[in-house]
Amino acid sequence: MAKMTPEKNLKERIKELTCLYEVSSIIVNNDFRELDKTLYSIALSLRKALQFNKHATVEIVSDPFHLVSSTISKKTVFIIHNINVFNEPKGFIKIHYPADNYTKKDFLVEEKKLLKTVAINVGDLLERVSIRENEAVIKRKMEHADRLSILGEITAGIAHELNTPLANILGFAELLKSKEPENTQTSRDLDKIINSAIFSREVVKKLMFFACEMPQNLDKTNIVPVITDAMNLLDPTFKKNDVKYQVDLPEGEVFLKVDTIQLTQVIFNLVLNAIYFSPKNGVISVALKETKNNVTLTIADQGPGIPAENTQKIFQPFFTTKAVGDGSGLGLSVVHGIIRSHRGTIDYQHNDPTGAVFIITFPKQ
Ligand SMILES: Nc1ncnc2c1ncn2[C@@H]1O[C@H](COP(=O)(O)OP(=O)(O)O)[C@@H](O)[C@H]1O
Ligand SMILES: [Mg+2]
């Protein structure tokens, strides 16, 4: 190692201070959408501060980021410092020299201090990123919930308005039909009116579910057999579609205040969607878990999952990507309404590596 003259010492200190200044300006000017660029600039700046910067490589690793200032030699000597985010190690910064020409002694004490300071700065930055992301998620969720509840109110209004005329159409059509001999053209036409009215009444009923306007029969129930029964009823549909399933239930009983019929409806709607989107021989996993305050029911499939641009829309009435005639877009709306009227929540997550996961959380109250 070359002897350090006072001039050289001074030059090194200036390089280190310049780096600190640069790193703080990089962080101030950080664009949260381009965090990788920020980290890369920090790596370059840190590299410039080193005594033998031409041969040094700075590596910054913090999932999902992995940035290197230049290619790393096969064998290196290095110094390392953790990046802590909320007091938890979330990656590290490493400074390497190729082991062929350097030893650990080539790192200056000041450089180790500099590494530590930069690592702390990067940790602070990542903390701010994480706070920002959480805020954005919460904000998006609240906006989403707001939009759905406004939609619920409008829907409830429309559904109520339609109920009476629909009942009249159905009632009078049935009355006319009872006066008409069988098998005439008029009787067949009346059948069409009756069937359409029944179909419309079903749509209105589903909208009422979405708007949480359906009467409920809440009873403290062990929901384990409710799930098993629903899966048994669905078994033939699984077989018909060449889809497999596994059910993961707790050993004992799980009591929850629910409307059993509505809970069954939730399972049906979610599982039927999962089957529809499953590949041949795909596996659908249904799991029930009990924690101190909550009961969660998870339904996961291995289909294509839901593209990001649709995840905000899937609970809205009439949103469907299924072919015309295959879907009404009301299944998840009904599910959402039922869960909400049970004071629970439903969330969507992408399955790894592919598929949809719906997570329902009921408070144990
Ligand atoms: N398991 C799933 N995998 C992929 N997409 C799904 C899944 N479940 C729901 N979706 C998406 O959400 C949309 C709305 O579902 P839903 O409200 O049940 O209506 P429908 O089944 O009539 O289309 C579906 O058309 C589809 O785009
Ligand atoms: Mg559906």
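Ala, Val, Leu, Ile, Met, Phe, Trp, Tyr, Cys and Pro count here as nonpolar, Asp, Glu, Lys and Arg as charged, and the others, Gly among them, as polar. Keep that in mind for the ligand; the model you're looking at, by the way, is a predicted one.

Let's start with the overall layout.

| Domain | Residues |
|---|---|
| domain 1 | 6-137 |
| domain 2 | 143-210 |
| domain 3 | 219-363 |

Between the C-alpha centres of domain 1 and domain 2 there are 66 Å.

Now for ligand 1. It has 22 residues around it, and the closest are Thr-320, Thr-321, Gly-327, Gly-331 and Leu-332. Two elements, H6 and helix H7 (331-341), each give two or more residues to this shell. H6 gives the most, with four residues. Sorted by class, the shell around ligand 1 holds twelve polar, eight nonpolar and two charged residues.

Next, have a look at helix H5, which runs over residues 223-240. Its 18 residues should span 26 Å at 1.5 Å a residue, and because the end C-alpha atoms sit 27 Å apart, the two values agree. Still, H5 has a kink of about 40° at Leu-234, shortly before the proline Pro-236. Leu-234 is also one of the buried residues of H5, along with Ile-223 and Ala-230. What covers them? Among the elements over the buried residues of H5 are strand E5 (219-222), strand E7 (255-258) and helix H6 (260-277). After H5 comes Asp-242, with a positive phi near 55°.

Methods: Residues numbered from 1 in each chain as written. Chains lettered and ligands numbered in written order. Predicted model: local features only at pLDDT ≥ 70, side-chain atom pairs only at ≥ 80, totals over all residues. Expected span 1.5 Å × (residues − 1). Bend = angle between axes of the 7 residues up to and from the residue. Buried ≥ 20, exposed ≤ 12 C-beta atoms within 10 Å, placed from the backbone. Contact = placed C-beta atoms within 7 Å. Domains from an automatic or database assignment. Near = placed C-beta within 6 Å.
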